[in-house]
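Please look through the model below with the following notes beside it. They are set out as numbered points, each of which can be checked against the coordinates.

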Amino acid sequence: MNKLTEAPGHIPHTGHPRKGFFTDTSICIGCKACEVACKEWNRNPHNSEYELLESSYDNTGALGADTWRHVAFIEQDREHIEKARDSGRALVSLGMPGLGPPGNSDAAGKPSGVDTTPPETPDFRWLMSSDVCKHCTNAGCLDVCPTGALFRTEHGTVVVQDDVCNGCGTCVAGCPFGVIERRSDGTAGVKAERDFTPGEQAPTRNVGVAQKCTLCYDRMVDGQTPACAQACPTTSIKYGEREELVSTARQRVAELHAQGLTEARLYGANDADGVGGTGSVFLLLDEPEVYGLPPDPRVPTADLPRMFKRAGIAAAGMLAATAAAFLAGGRR
Amino acid sequence: MTVSDFDNYRPPEPPRRSRRGGKRRRVGTGDGSGEMPMVPEPEFASYYGRPVVKPPPWGDPIGAYLFLGGVAGGSALLGLGGQLTGRPVLCRNSRLAALTSVGIGAAALVADLGRPERFLNMLRTIKPTSPMSLGSWILAAFSAGVGISAASEIDRLTGSRLPLGPLRRMLRAVEGPAGVEAALFATPLSAYTAVLLSDTANPTWNAAREDLPFVFVGSASLAAAGLAMITTPVQEAGPARALAVLGVAVDVIAMRVMENRMDPVAAEPLREGAPGRMLTWSQRLAVAGGIGVLAGGRHRPVAAACGLALLTASALTRFGILRAGIRSTEDPRYTIEPQKKRLAARRQAGIVDDSITTAG
């Protein structure tokens, strides 16, 4: 990445390891406890009329200003499961990093004493995945924020300062994952803020300001676990130091691969990817786009020096054209 | 299968495709034994067709600003040219045009904020990674120069009746340098909006990053020149006519080059739907305006008509590109397909270590 793009390492925070999430979707049961816990703790308004979205059990829709955890539900038949398994196998055969030492791939792929026969493909499966802000190493939203409202915390996470943001919306366009959003008015206040007068509700907080997951910054500074991870009954959402989480994730993928479940793969664990790796790492069981995640996100500021250069040439050209116009149009 | 009477109301389930050994994947290989799919397989999967990236909350005020910022930048340059080459009417009109357009443009920018009362936070810091931050500073610096030079013109227009007192002499002294200062920031003002749009995860704007600045400066030049041709008598508007023709050439060529160099899928929103029609008409009007200037720019009515055509063309370009980008976020296809393609291309080239998806 270029020198312009911000990253957690730019500010040395002694004594604060980078924190993150590891969301293991293979053990998610789709209970949405994370969604509820997030809404309650962060006092986020609900952002729509109650409606059925005709997308399995997902009636939340997508991440947004008022939804900082979103559980995706995907129903797949045997054909899709096999496709997912094949694409995972193709990924393994690429010889990508993290699959044991090079030259030892046979041993890594087939641990002795473990039955590596793929299990019988089921007729049907649910994919459930709790999506969240990725807290990127090179965060597009943070880079393009003109006011400095978005900042990198001492825990390596990316947080909006509600009282600084003026709601320009650049971060919304800057996020390659479609996470951050400007809050319009919610349709209802949350319970804690509600007036006791029947029929009247307190106004929603932070209207007109960009909002997204803070990785529960307020809980973190007190040494607490973020609300979603705390509420998760299956430990599908794990919270901790990013390095540890990534190694946990690698072990888990190796374990699943050893069981023949080649569809398992990691998302965001690679520090060489377009966003420098993400603070929230996911274990997915199909291609990322199936879950609504971009297959090859790239922080827009990675190309910013080049863009400035092109704009500089264009600006100089405009100056030259004007000068030429005055020379050419000199006859009066 | 079922025991409930209510199941009568269910729509019939599609017949389940049976699994035939390992042959299933060879269906449709041309031997005639396979079933023909009724619908071609989509080239990509998505989550219920929902968008991957979000559109920025930028409405028509931002489109208006893109247009007016360009007009202001070009006008300030024409103003400086008029100032240096002794064309007082062109200088005056361009300065006033620059002030008016930058004023309305800035107001539109503020109006589109989620919290307009916090607009000054834009100048809270200088962030090189944020085109919006740099742009705010460019806009502020530009407005200062334009404000001073135009204030002097207004004073002259009103017959020195502004209650300036001793400040009048100072104003007269700094109006020239102020015009130069404004012109210094005029081209960045015209070009930075392209970077602002391209430095995003928006599929269409980001894919246009190489050539969008050229489209924008071309559009700014032809619009400012068009406005000068409307406001200024033909005797002094010669440079404006020349700039209009140059602007049209740059705008039309850059647009072509941009569309051809972009990922074809990401370029689709520039050609289709309402934004596509706007951009088509903007090109037609620009060409018509350019030809009109060449043919009859020395006749005032023709010049004014051409100026109007050019202004409209520029506005259509800006609104078209803004809306095409917003449209490109509505369909996940524009995000996913180019990304999958570039990922596959890198893998083809042997680069396999930079994917966000890893096997371990």
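1. In this predicted model, S56(A) is partly exposed, because 15 other C-beta atoms lie within 10 Å, a number that falls between the limit of 12 or fewer for an exposed residue and that of 20 or more for a buried one. S56(A) sits in the loop that runs between α1 (33-42) and β2 (69-77) of chain A, and although S56(A) is not a glycine, its phi is positive, at about 55 degrees.

2. Y48(B) belongs to the segment before α1 (60-85) of chain B, and it counts as partly exposed because it has 16 C-beta neighbours inside 10 Å.

3. Chain A contains 9 helices and 10 strands. Of its 332 residues, 52% count as buried, and among the contacts in chain A that join residues at least 6 apart in sequence, 71% are between residues at least 24 apart.

4. Chain B, for its part, has 11 helices and 1 strand, and when chain B is read along the sequence the elements follow the pattern α-α-α-α-α-α-α-α-α-α-α-β. Buried residues account for 55% of the 360 residues in chain B, and of the contacts in chain B with a separation of 6 or more, 77% come from residues 24 or more positions apart.

5. On overall dimensions, the radius of gyration of chain B is 27 Å, whereas a compact globule of 360 residues would have one near 21 Å. Taken along the principal axes, the box filled by the C-alpha atoms of chain B is roughly 95 × 55 × 50 Å, and a reader may wish to keep these dimensions in view when judging the figures for chain B in the previous point.

6. How do helix α2 and helix α3 of chain B pack? Helix α2 (residues 88-111) and helix α3 (residues 131-157) of chain B have their axes 9 Å apart and pack at an angle of about 135 degrees. An angle over 145 degrees would count as roughly antiparallel and one of 65 to 115 as roughly perpendicular, and α2(B) and α3(B) are therefore oblique to each other. The crossing of α2(B) and α3(B) is left-handed.

7. The residues that make this helix contact can be listed for both partners: from α2(B) they are R92(B), R95(B), L96(B), A98(B), L99(B), V102(B) and A106(B), and these meet L139(B), F142(B), S143(B), V146(B), G147(B), S149(B), A150(B) and E153(B) in α3(B). By class, the residues of the contact of α2(B) with α3(B) divide into 9 nonpolar, 3 polar and 3 charged.

8. Between the chains, 82 residues of chain A are in contact with 77 residues of chain B. The elements of chain A that each supply at least two residues to the side touching chain B are α2 (78-93), α4 (140-144), α5 (170-174), β6 (181-182), α8 (242-258), β9 (265-267) and α9 (304-328). Which element gives the most to the side of chain A that touches chain B? That element is α9(A), with 16 residues. The side of chain A that touches chain B has, by class, 45 nonpolar, 22 polar and 15 charged residues.

Note on methods. Residues numbered from 1 in each chain as written. Chains lettered and ligands numbered in written order. Predicted model: local features only at pLDDT ≥ 70, side-chain atom pairs only at ≥ 80, totals over all residues. Helix = DSSP H or I, 4+ residues; strand = E, 2+ residues; numbered from the N terminus. Rg over C-alpha atoms; globule rule 2.2 N^0.38 Å. Contact = placed C-beta atoms within 7 Å. Axes fitted to C-alpha atoms, helices over the stretch in contact; angles between N-to-C directions. Parallel < 35°, antiparallel > 145°, perpendicular 65-115°, else oblique. Left-handed = near helix turned anticlockwise from the far one by under 90°. Nonpolar A, V, L, I, M, F, W, Y, C, P; charged D, E, K, R; others polar.
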